Amino acid sequence: MSLGGYANCIAHADLTTGEVTYKPIPEEWARKYIGGRGLGVRYLLENGPEVDPLSADNLLCFMNGPLTGTEVNMSGRMAIVTKSPLTGTVTDSHHGGWSAARLRWAGFDGLIVKGKAEQPVYIHVHDGRVEILDASEMWGKGVHETIHSFQDHYGENDLSVITIGQAGENLIRFAAWINEHDRASGRGGTACVGGSKNLKAIVIQAATDIPRVQDRDAWRPVHSRALATIRDEKTVTSPRKGGLSVYGTNVLMNIVNSIGALPARNSQLTSFGEKGELISGEYVKENILVGDPTCHACPVACKKEVEIKEGPYAGLRMESVEYESAWALGANCDNDKIDGVAKLIDMCNDLGMDTIELGNVLSMYMEATEEGYTDGSDGLSWGDVPGMIEITRKIAHREGIGDVLAEGTECAAKHFEHPEISMTVKGQAIPAYDPRGLKGMGISYATSNRGACHLRSYTPASELGLIPLTSDPLEWKGKGELTKLLQDIHAFSDSLDLCKFSAFAEGAEEYAAQYATVTGIPCTADDVLKIGERIYNLERYYNNLAGFREGSDYLPERFLKEPSTMPGSEGHVCELAEMLEEYYQARGWINGVVPEEKLKELDIP
């Protein structure tokens with residue numbers, strides 16, 4: 001395969017045998033599924049969708065796209081693709097930083113891991129080689145200590161470490177791989193799969209080696225146009241001027257809170273009221289911000305490094321108080337203490353856990369405590385930061401009630417015999433948008449192929465006026481079609497693999513032009529949508545084969561039957577049934593199942 005951008009090499013590591021093999025990407029797969037998310041799912045389908053997520057047979061794929069590590073803007077993302085132990089669905093979870101670029105500079109489009117090592121191991125990637133090495137001395141260490149140990153061994157220059165913490169080792173269902181201390185592949189329990197394989201870390205050493213662009217003369221003006229859209233002062237991505245660049249993702253806290261679309265107290269409320277300001281991006285910038293680190297080829301610099309200067313957590317320096325994390329461990333738990341939020345996020349980064357799922361687990365436990373559902377356990381009160389810290393530690397080590405909560409929000413709520421207090425879809429907890437105040441999120445959560453998720457189809461971009469295609473957040477009509485459109489575009493960009501925030505400025509035209517000039521494969525905006533549609537249907541087909549059939553697209557009853565009581569969305573519920581009908585018609589699915597004629601139309605698999 002002589003396409004630009006690609007290394008045309010996937011390393012396959014079998015931890016059971018200790019063997020590493022190097023194989024090219026089938027060119028048909030590259031053309032149909034691109035790379036990153038799409039290509040990873042294609043390898044998963046080949047492996048079989050009925051595999052037990054925690055068996056040696058499950059694949060754990062660390063995937064790049066054809067634009068990864070190039071000069072293309074915001075091209076520093078890596079997709080970790082596997083079958084989720086939290087949901088039982090296919091899942092992919094992405095992280096930023098420099099590890100993806102370094103994996104490509106080391107000579108690989110991906111690393112696919114199978115099997116289970118007898119003892120803890122790590123994988124060392126360098127100079128076109130992949131080695132499986134002993135990690136016994138690292139097992140039991142947190143993320144930060146593990147990374148420092150590898151830096152002591154290999155040096156800090158040109159080094160990226162992606163590792164699991166104690167949560168992954170102890171098979172917490174929502175354990176996360178952490179890259180470079182603070183960049184998480186958070187959702188779906190991908191690090192739980194790593195722990196089940198006795199895989200502690202991926203260590204990548206590679207100096208900058210920008211991949212070849214197929215048509216550099218054509219690429220230069222395309223690159224300039226794409227960069228101009230990101231720098232446009234009318235967009236949130238505008239460096240040092242747009243809200244995303246100035247405040248980070250947490251620029252959303254006050255915005256979403258003000259329209260009655262911020263879930264609070266386990267989604268019993270749709271606003272955190274005046275307390276929302278105390279955990280917002282504006283408050284962070286004014287009080288604890290100390291730095292603006294960035295990722296490979298990114299001019300936006302949305303990451304915000306903070307330092308706590310006083311109180312019980314004085315001296316804590318970390319990145320980043322992201323919107324989703326600040327909501328999950330803040331408003332959703334009735335916690336307005338920004339230092340406590342930062343401490344809990346840093347604990348998640350060190351233990352290796354998804355902040356969104358943890359926040360939902362804790363808030364569900366708080367509601368269970370309040371209602372008397374905890375069956376004699378000590379329980380947890382709203383806003384109790386020391387209690388949240390202690391329960392978080394217990395979860396990571398599966399101690400006491402932590403062993404129950406480690407199974408995730410849905411399973412824990414069922415343990416308390418009150419599944420109705422679990423704000424989950426397909427086993428995964430919701431992020432920071434209430435579908436009573438942002439109707440598009442309702443259909444997006446319900447139809448996401450990896451469980452409740454805002455990143456499959458970021459409809460708030462339209463509903464909050466962040467992109468030219470605007471819509472009314474309280475209007476359900478048209479949201480099924482909008483969700484399908486954004487799901488397809490995002491599936492394509494996740495396979496390139498570009499940062500999702502590029503979509504605040506760029507669209508199908510920019511993606512098509514960059515992909516075409518880098519790889520040499522002709523591509524139009526219509527092709528972007530068709531390929532994205534194919535990838536989304538491939539994932540749904542995998543889930544259908546894994547047992548997710550008719551009726552698998554749903555929302556918690558709270559969003560459907562308990563009207564919002566907060567300003568901005570007062571009196572509203574989420575009209576899911578109406579949106580599902582519109583969505584299935586747009587998709588050509590039959591009650592959530594991909595029919596044979598759609599598979600043929602899209603040439604799947």
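View 1. F504 counts as buried because its relative accessibility is 11%, where buried means under 20% relative accessible area, exposed over 50% and partly exposed in between, with a 1.4 Å probe and protein chains only. Because this is a predicted model, local features need pLDDT of at least 70 and side-chain atom pairs count only at pLDDT 80 or more, whereas totals for chains, interfaces and linings use all residues. Residues are numbered from 1 along each chain as its sequence is written, and side-chain values use heavy atoms, with hydrogens and water left out. Y458 is likewise buried, with a relative accessible area of 7%.

**View 2. The aromatic pair of F62 and W177.** The search of the whole structure finds 14 aromatic pairs, a pair being rings of Phe, Tyr and Trp (its six-membered ring) whose centres lie within 6.5 Å, with planes under 30 degrees apart counted as stacked, over 60 as edge-to-face and the rest as tilted. F62 and W177 form an edge-to-face pair, 5.3 Å centre to centre with 85° between the planes. This pair links F62 in strand 3 (residues 60–63) to W177 in strand 10 (residues 177–179), 115 residues apart, strands being DSSP runs (E, at least two residues) and helices runs of H or I with at least four, numbered from the N terminus. Both F62 and W177 are buried.

**View 3. The aromatic pair of Y458 and F504.** Y458 and F504 form an edge-to-face pair, 5.9 Å centre to centre with 80° between the planes. Y458 lies in the loop between helix 17 (439–447) and helix 18 (460–463), and F504, 46 residues apart from it, in the loop between helix 19 (479–496) and helix 20 (508–519).
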